[in-house]
Each structure stands twice: as structure tokens, then as C-alpha cells.
Amino acid sequence: FLVGLGQGWGCVRGLLIDYTGTEPSSPCNKCLNVSWDSTPPCTCTINFTLEHAFESNVFMYYGLSNFYQNHRRYVKSRDDSQLNGDNSSLLNPSKECEPYRTNEDKPIAPCGAIANSMFNDTLELYRIDNDTRTPITLIKKGIAWWTDKNVKFRNPTGDGNNLTALFQGTTKPVNWPKPVYMLDSEPDNNGFINEDFIVWMRTAALPTFRKLYRLIERKNNFQPTLQAGKYSLDIAYNYPVHSFDGRKRMILSTISWMGGKNPFLGIAYITVGSICFFLGVVLLFIHHKYGNRNTSADIPN
Amino acid sequence: MPEQSCSPCGSAASLALSQCPLSPQYTLWNFLPKNLFEQFRRIANFYFLIIFLVQVIVDTPTSPVTSGLPLFFVITVTAIKQGYEDWLRHRADNEVNKSNVFVVENAKQVRKESEKIKVGDIVEVKADETFPCDLIFLASSSTDGTCYVTTASLDGESNFKTHYAVRDTTVLCTDEAIDTLTATIECEQPQPDLYKFVGRIIIYGSNQEPVARSLGPENLLLKGATLKNTKKIYGVAVYTGMETKMALNYQGKSQKRSAVEKSINAFLIVYLCILLGKATVCTTLKYVWQSNPFNDEPWYNEKTKKERDTFKVLRMFTDFLSFMVLFNFIIPVSMYVTVEMQKFLGSFFISWDKEMYDEEIQEGALVNTSDLNEELGQVEYVFTDKTGTLTENSMEFIECCIDGHKYKDCMAEVDGFSQPDGPLKYYGKAEKSREELFLRALCLCHTVQIKEADQVDGLVAHPERKYTYISSSPDEIALVKGAEKYGFTFLGLENNFMKIRNQKNETEMYQLLHVLNFDPVRRRMSVIVRTSTGKLLLFCKGADSSIFPRVQQEEIQQTKVHVDRNAMDGYRTLCVAFKELTEKEYDRIDRQLNEAKMALQDREEKMAKVFDDTEADMHLIGATAVEDRLQEQLAETIEALHAAGMKVWVLTGDKMETAKSTCYACRLFQTSTELLELTARTVGEGDRKEDRLHELLLEYHKKLIQDLPKTRAGLKRSWTLSQEYGLIIDGSTLSLILNPSQDCGSSNYKSIFLQICLKCTAVLCCRMAPLQKAQIVRMVKNTKGSPITLSIGDGANDVSMILEAHVGIGIKGKEGRQASRNSDYAVPKFKHLRKLLLAHGHLYYVRIAHLVQYFFYKNLCFILPQFLYQFFCGFSQQPLYDAAYLTMYNICFTSLPILAYSLLEQHISIDTLTSDPQLYMKVSDNAMLQWRPFLYWTFLGAFEGLVFFFGVYFLFQNSSLEDNGKVFGNWTFGTIVFTVLVFTVTLKLALDTRFWTWMNHFVIWGSLAFYVFFSFFWGGVIWPFLKQQRMYFVFAHMLTSVSTWLAIILLIFISLFPEILLIVLKNIKEKNHQAGPFDLPVLVSYKRIENGYVKAEDAVTNLAERYPLRIP
């Protein structure tokens, strides 16, 4: 079992690229002090090499650190009934959303600090093969919980399916460049049910966290998902983290049946297992010894 | 209304009072406000109310519901309990108060509800009805103006008592006649003593002078008593409602608090400090952390305008309050209600105990208060009454002596050779006339009544006889039966004539003129009778000490020898004396007696004086010896108590010799015990007695305190070597010690005496007045370390000590019910004390101690992760758990298993506990609620809290735990911690449970199942009333992740690992222990052999010595 467990996280491949750009040598250093409304976005490219191929499906995460998504003021700053498509909440968001409730007397949709601070860097991955950049297909659907996507988050209902009309009377969150109904071109991934948005809205437990960004599926059985070799990561750098000493990362990882790479469980199980084994041996020894004494003590009686 | 003016002095207010003897506190209307007010007066409830209000007012991390709901739950449960108890009272009341009685108004009978009776109403009561209030007896259907009453429900005495109507009103025995009566009644203030009443009735006749008559207890019919053998009576109400003697006696129920509660409060303070500490630490760190501006207000998380505008000090204060609210669950809101429920339900186990059920009286143990269950496991001193408690109080006539000649029944001598009416075996013979006089005296000098056999309930019935004797004192029955054995049979009392069948089968008649009733001060009683020949005789019987000074001195010597020897044998002795009265003397006595009876003031003293004068210059005829059999299994019980480390003190009103022999018989004193006497005999009489006492005290003190260490230092310590001491003290010496007449030098008697007492294994206090018994108990109770005391007794004279001790136990004996009514627990027999203390007390203590520790523990490891989480969320008071979990944790998920545990747990089986008294010492001195076990539990809780939090923290280093790469958020984090928490604390309890019943299984696994079910349900629906759908499918998603499963199992295992390890080690140790030499040669005393190795043979002999054959 322990071996299986070890394999569980042992065969998980992972790659982590910090692209915050605090070091002057980093290609993204130029973007360090971007603000929300810089147009066109500051872009930078980071090249990296995969030593080993990623055989199975690859999951692409973005990671932030020193970002307190679990701050109380932040966690409660949302209106779930608005996100659930409730029309009255759409136009009259909950007080919890303050100070991101209204802007210029118009209700914000989606309101609140969480939505307002949605991660908006764009990450693109290219395989560099003899100086040709082959874009790698990043799937942006299937990254959120099914129940969130299909039950908890709903677009407002009304006549027709035109989201622009449905969000009439609301305004975009202050920090967003585009309103919520323009998050994606596909209608089933637009508005409140945009999966990037849904993923962001599930607040992280700790100040250093990662969130699923894209999926890279294995195309066929003959080729690994990501071959070993050179790659480049194109970043549209919009999200400022330098002001609060934060870091940004891009993480590529495969997943075993146990989930992502997580050394803790393996180490813990091995430690506890060996302690138990050791104690068991010691106790068995003691038991054996005393068991002997027990019988010998019985004889005089 | 006729001209019936009635002015009970000082009780005018009683007219307005309604009749509610058991005083329900609430009505339907005031129940809610009054009950709430009462409940919030409790400091804990008030604290939670404050927390609740803070949550309502201040913007706090958790909604007011989280603390409001548990508080509401607690308040509701308590209110239901109190309401139920009150309803019971109401129901009991209604039975009494709404019952219909007939009141005579305007010569007609009017039906009234009994609660509407006013002072001054004339009430008619028929046979076998209960008196609705305290009545002055005016007239009865029998012409002589008497009625028979049984007060079984008041004091348990089932004999018929004769009450007398006021002499001038006896003729008014119809509705019309009674209506013509005009009278004023004056009576004393209501007082609870059932046997005391002083009053005066002034009757205004139509044409003559008003007549004043005195009223005494014999004229008063008490509420609660039942009319017997009399068709109907008329009486005028004098005390109603709360002023009846019955109601006054029901008041003053003991408000004893147990030591466990004090420990709880101490722990609470510790936890309150932890809470305050946590809140302070968090607030401070928050502002340190926030001093960095990008921590205080990063761009993604701006403050509202209001937050910016509030003053910093105010903000800090609200932050502090918020942290308090966040962590307030550390003080277990539901602990009080669980403790209360545990006590309430737990007390049923005592009353249900079949082993404590007594076939003879058809009753089991009775629990009057459930607050003291665990105190039974902490007893250090047992104070016991002798008569009726150690002995059975079922008297048997053994022998008598007449003029120094011993008469003993031959049946007792010839074994198995039964001759029912065989001749007496004479040891020398007294004159025939003296013999007959003695037997007549026995037949006449008593207050025994005859009861027809078909009405017999529970008392000794002879199949061949058609009647049985009943009396308030079992001695008298024994004496009458004794006389019967010698040929003189008491046939009963008819119209003031006592009928006796003598040896020649002739019936003799004696007119009963006066009965000078028994009282414990005089310790004697007398009757004055007129024989058929017209001779006036006074017969007196009483304790030797009270008779001897009143008879001719030359007669004493012969009898005294017998009396002393009988007392040595443990018999109760009574001396019988008589005197002949001349008509003139009688007239004087008669007049004096009536005068004294009429007196309104100081009647007691006047009566006592008349009695004293009358019972003088008598002639001693002889003495009787009555055996009071020891209670069954008495010696075993006492030994068990000793072995359990308790010290048994006997406090009795009896004579020293009798008491001493009982103590030997019940093995309280061993043959090896060295007795230290502080009695009238050793101290002596006269002026020098204080000096002598001083010397004795010092001598004993030296012997015990200074010499004892030397013996202890001896190499081989064994019980045969170390001397045991027993102390005997009598009432007069005790009062000398406690209330020294000189103020100089003698004030430290008390402390010396106390030191001596505490060194003795057994103390016998004889000749004690009831108040002295209480004094002794109080003295021991207030010594250093305040040991837990227990008093056990059966009579009214034990009530004071029962009330004084920490735990009062009443024996449902033959001396009435006063003791058991005032006690905290009542048991049928003394032997039941063994199980009550060793098994029930021990178990209750262990249970409640475990309950308390567990409660603090489970809330510590509940809140600690929440505290740690603050370090990772910027001290923002973000709760780790969902509000529903915060609320339900103590109410639903973890409350029932511990309740079931605390009701059912038997960590050691009851049989083992009763058979091995030494186990009792393991829990003595509040051992399980000392700081060490408390710290152990606290560290355990802290350890587990750390494991929960950091385990999940490390797990969340990579929060994509699902096999599809999806990510968990903060609510999943909390839910994992919470799941581990619920499982760990429940399984911890399962590990602690040694005694599994289906109930334990049901609540433990049921709670866990309920938790899982609830979590699914709570996360499965979008709740319209919730502002945020935080938990939506969080639990279900959590369970789809294999890593989470593994982590949960691992963390539960790690948390329980120390516990499991401890159990394994203990098992090994026990095995090792068993392999060792014989461990338990339990001795008669509680001291143990400490030098270890005893061979098996020795152990067997020790065991044999431990349970020697009882000397009957």
C-alpha cells in the first residue's frame, strides 16, 4: 500500500514557473508595475525546457502567493443569489459587496471584492520545435466543479438568450476591462457561468494557493501529452501583485488517482507506518518477555 | 357565616393565601418571563446571552444564530425540565387543592375546593379522608370527642393516634349544632414542628361567661393526616396553605452543591483565561500585521467607507469582541445542560437498582436530589446513627430481671426444643406478687394500640392472633409481647379502660387516667391508672440513667448489675418503676397536669416540671432487656467502607455500653483496637473534670500524634504491628470540649480533640443530642481539606446531621419518614450503603469527571484549529468552519455519545466495585478532576487540534486534490478539519468506553452517521434563507477525493495514537501486574501491606481473616 502511495505521487510530474518578474533578469520584469487599465497589455515570454515528457493529461494552474483570498472581508464580499441568476439581486446586490456594490449609481454585476479582483492574466503555451512555435491547445472548460457550473452559478434569466440585454442596467466591476457578458465568446461559458470566473470565486483556503487554469488533453496513445523539449510561455501580464509582495506562478502538472503532487501524505504515511511498525516490534518483544515471566510466575502457585 | 370570629394571632395574612403546599413556582402566564429571568441569573447562561447580544450588535464573523441556537437549546431544555417538575407539583397540588371538601356555612354543607378554605371555616371530614388543612378538632361522631388519625404520610408512623376534641364543643356534632358555636381561637405562629402546637380557644356561650380552653397538639389535626375509625369530625381551619405544618416541613429542601461543580468552575475560569488570551493575542497580532499597509488594505480587498471612518480604538475593541465571539465555543455552552441531564437521568439508576430494593417494605432507594450523585464517590467520613441504622430497630424481648432475679425465656436457651408456652426458666425467684406487678407494669405502661388483623399492613402479624400491636416505638411492642410470653396479655384500650388478661386467663380492667408521654429529654414515660379495686398506681419506665435517681437508692444495686451486663451484651435496657398514689396526691397531680396543659406560654417547661415532680420517689421493680438485632451484612458493609478508606463514626443517643458492644459486633472496633475513652467515666464528675479532660486529651494526643511516626518507621509494616485506635466520647464530654466553660486554655481543646479524632480509625459518640450530632459533622466538615462527609440515619433525631453533612442518607426505617424525607438519598437498609457508595458513587464520579474533562477537551480541539487559522487569514476573524457546523457541533454531533457514556459507563463492573472496596480510593480526593488530569486532557485537546489543523494545512499545500485536477477552497479546508474532529472526538470516546450497550453503539455510530448525513443534506440544497451558499456540495466533493480520505484516516489515527498507545501500555502493565505476587490481602482496616511479597498461603489466611464467620 505504501508503495502504491509512493507511486501515486512519485509518478506525478510537475513544473513550476514563477513569472512575477521581481528579478531584473526576468523577462517579465518590465511588466512588474502594470496597472489594471494598461492597454495594450504588457506581454512577456518565458522559455523553459521539459526534461521529461508528461505522459498523461496535463493540468495547467496559476498560483498566487501572499494573496489573502481567505480574508474575512474578502470571503464574504459576494452575492450568491446574484450569481445564481436572481434578477432582483442582480440589480440590487447584497450589502456584503460593499465597497464593490455599485459604481456610478449602477449595480455591479458580479458585485463584491472577489469578483472585482478576478485573475486576468492570459497564459499561452507554445512548443518550440526547431524555431517553430506550435501552440498547444489549452482547454478552458471542465475546470470548475460541475455543481458550481450547472447549479450554483446561473446567468440571469429573461427574454431571449442575449446576455447583453440580460445584464442591462448593471455595470462591470471596476477593475475589469470588459463586462461579465463579454468574458468569453461561447455562450455556455459566458457571464456568470464562465469557468475561469467560477474557479476564481471559490476562495482559497490559504494565502498561497493555486487555481486550475487550463487542461491539456492527451491526443493519442502514441505521443505523450507534452514531449520533452523546449517550450515558451506567453503571458499577457495584467494582474498586479507586486504592491502586496505577491508572487505569480504557472504550474504544469499531471495528476494521479490521488490528485496532484502532494508529498505530505506520502511522507506522513511512511513516517506513521514506520513508527507503528517499530512500536509494534517493541511491544511484541515486551509482551513476549513478560508473557514468559507470566507463565513462570504461575508455577509456584 | 355564623358569629365565628377567628383571629389566629399573626396569621392574618394567611386569609389571603391560596393553598399551595408544594409551592409551584410558575403559572401558565408567568412561566416564560420568570423562568427566563431565573435561568439568565446563572452566570454561564448570562455569559452566553452577552455573547449573543455582541453578535447581534457588532459585525462579528459568525452569525448570531451560531451562539443563539445552542443557547436557545440549552434554555429550552432547562425550561422544559423545570416546567415538567413544576407541572408535577401543580398536579400534586391539584390533587390536594381541587379535591372537594365540605364546609359548614349557615348550618348547611357547602362543597368547596380545598384550596379555597379560609382560616376560620368549619370543615367536615369523613372517615379515611385526608385533612385538607390544619384543623382544630371541635367535635366528632363519637360521643367522647375523640378521633383516630394516622400520620403515615407525614412522619411514617402508621399507628393510630388519638386526638381529642375541645371539651366544650364535643356535643356539637351536627351541622346545625356546630353552626351555633361562637368562639375565638388564638394560636401561635405557624411552625414546622409536627408535634408542637400551642393555642387557646375562647368559647362564648349564649348565656354564661366565655370559657377559655387550651389547645395542644392533641387538638390539632394536621393536613396530610388521615382520619380513621371515626365516622366524621368537625374542625375549624387554623392554618391553611403555606402555613400548614406539612407545607412548612416541605420547605428548606437542601441546596447542596457538589465538589465537582467547584472544579468545573475552576476549569471554566482557566478556559475563560485561554479565551481572553487568544482574543488578545489575535487582536494584537492583527494590528501588528496590519501595520504593513499592503496587508491592511491591498488593492483587491478595500475597506468600506464605514470601516475607514471608525476610530482605531473602537475598531480594536470590536475586533477583540469579534475574536471573543469566534472563540467563545471553547466554553462549552451545552456542558451545563448535559451535566444536568446526566444527573437527572442518572439518578434513576439508583432508584431502579433492584439490589437496593427491599422486599420487606416493598420499596427501593429514593433519590431526593440528583445534584449529589457524584459526591457519593467522594465520601471520606461516614457518620451513622446506631438504632435503626446499624441495628434493625426490630426489637425482641430477651430477658428481664425482677428485684435482681433474672428471667429468661427457655426457648432461647434450649436449642430447637421449642415449647410455645413453656414454663419460664427461673434463675432464682422473686416474690409472686412482685413478678405480677412487674408484668402488669409492662402491660400498662405504654402507648401501644391494637389493630385488627385484617387491616394489618406490613407489620408483624401472628397467624393465630386476630390482632396485632402497633406503636410509634418498637420497644414498646417488644415489651408488650414479652409480657404476653409470661402470661399477661394486653387486650386493648376501650373507653379509657385498659384490658389485660392475666396468667389465670382472667380479664383485668384498669382505668387510664393520664399518660405522661415519652420524650427524649426525660427519656422515660409514665401512666397513671386506677385499678378495679380503686387503687391509684403510677408506672414508669425509662432509661436507667433517668430512673435510678428517682427510686429508692437501696433498690438499685441488684438491678444495676443486670442492667450493666445486658448493656454490655448490646441489649437495650429499660427500667421499670412504680409508685402508689393516694387520692390526695392524685388530685394534686391531676390539677397540675391540667393546668400545665392549659398553659399558653411555656407549656413545655411547665409540663416537664409537673412530670418531674410526679415521677419521683418511685420503687424500682425490675428491668428489661430488649435486643435490637443488627442489620444484615452490617459487619461486611462496615469493613467494606473501612477498606474503601472511609472513616466510620457512630453517633448515637444510646448508652455507651450498648453502643460499644454494637460497635464490636459490627467490627467497627477490633479486639486489637485500643480504645481511648473520653466519657463521664474517665473524665469523672465535679470541678476537676476539665483538668482531667485536659490531661486525657494531651495524653491521647501524645500517644497518637507523636508516637505514631515511630511505629510507622518500623521496617516491617503490617496491620498487626501498627496499632489501631478507637475513640469513645459521650455527649457531656463533647459539650465540655466544644463549649468550654472557662475561656482560658481550653479553647484549643477542640483542635486537639479533632486531631485525635482524625487519627482514629473509628470513633463512637454516644449520648448525643441531635444537635450535637450536627455539631460533630460540622466540625469534621470544616477541617482542613474539607473532607466530604456523609450522614446516615433513620430517625427524626438524625435529621439535623443529615442536613448538615455533604450527603445525607435516610434509612426508610421504622422510626418514621422524617429522616428519609430530609435526606438526599434514602435507602431501605444500611447494607445498601455499600453498593450506593462503592458502585454507584464511584461510577457517578468517574462518569461526571469524564464528562467534564471530555467537554473541555472536545471544545479545545474544536476551537484551536480556528485559532490557528487566524494566522493564515490575516487575523481577519474568518471562521474555519461553516456556521452550521459551529452551531451543531455541541448540540448534535458530539452531545449524545458523551451523554450516553456518562449515564451507562462502567469502567469497572459493578460487581468488582462492590467486592473490591479499595478501588474506591482511586477516585478519592476528587482525583479525576485535579489539575493533572485536567492538564492531560488539555494537552490532548491541544495536540489533537494541532494535528487537525496542520495535517490539513500540509495537505492543502497543493489544493488540487481531486483526480480531475479541480481545486478545493477554504470551506473544504474547514470541512476536512471538522470531519476529522468529529470522528476523532467520537472515536476517542469509543476508546474510553469500557461498557458497551446497544445504546452506546447507537449513539456513537448514530452520531457519526448523522454527521455524514447532515453534511450531505446541508450541502445538497441551495438554501434560500442563507446569504451565501458556502457549503454547496463541498462535503460531497471532499469525499470524491482519495487524498482527502487518506488524509482523514491518517489524521484520525495520528490523533488517537497517543490514546491507543496508552491503552496498549496499560494492558501490558496489567498483564505484568497479574503475573506479580498476590496483590490484595485486603485488611480489616484500610491500610495495606506495603512490603510487597506475601505468599499465597499467607494471602489465603489473610482472606480468611478478612471474612471471619460472623458472631451472631
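How many residues of chain A are in contact with chain B, and with how many residues there?

1. In this predicted model, 71 residues of chain A are in contact with 72 residues of chain B, contact meaning heavy atoms within 4.5 Å. Local features need pLDDT of at least 70 and side-chain atom pairs count only at pLDDT 80 or more, whereas totals for chains, interfaces and linings use all residues of the predicted model. Residues are numbered from 1 along each chain as its sequence is written, chains are lettered from A in the order in which they are written, and side-chain values use heavy atoms, with hydrogens and water left out.

2. Between chain A and chain B an area of about 6,100 Å² is buried, 60% of it given by carbon and sulfur atoms; buried area is the accessible area (1.4 Å probe) that two parts lose on being put together, summed over both. Of the area that chain A buries against chain B, Arg72(A), Arg73(A) and Trp145(A) supply 14%, more than any other three residues.

3. The count of salt bridges between the two chains is 1, where a salt bridge is a side-chain nitrogen of Lys or Arg within 4 Å of a carboxyl oxygen of Asp or Glu. The side chains of Glu96(A) and Lys1027(B) meet in a salt bridge, at 2.8 Å from N to O.

4. Among the elements that give two or more residues to the side of chain A that touches chain B are strand 3 (58–65) and helix 9 (263–298) of chain A, helices being DSSP runs of H or I with at least four residues and strands runs of E with at least two, numbered from the N terminus. Helix 9 of chain A gives the largest share of that side, 15 residues.

5. Over all chains, a search of the whole structure finds 43 salt bridges. One of them joins Lys988(B) to Asp992(B), with the closest N and O atoms 3.1 Å apart; these two residues are separated by about one helical turn, because they lie 4 residues apart in helix 35 (residues 970–992) of chain B. Both Lys988(B) and Asp992(B) are buried, that is, under 20% relative accessible area, with exposed meaning over 50% and partly exposed in between (1.4 Å probe, protein chains only).

6. Within chain A, Arg127(A) and Asp129(A) form a salt bridge whose closest N and O atoms are 3.8 Å apart. Arg127(A) counts as buried at 15% relative accessibility, whereas Asp129(A) is partly exposed, with a relative accessible area of 36%.
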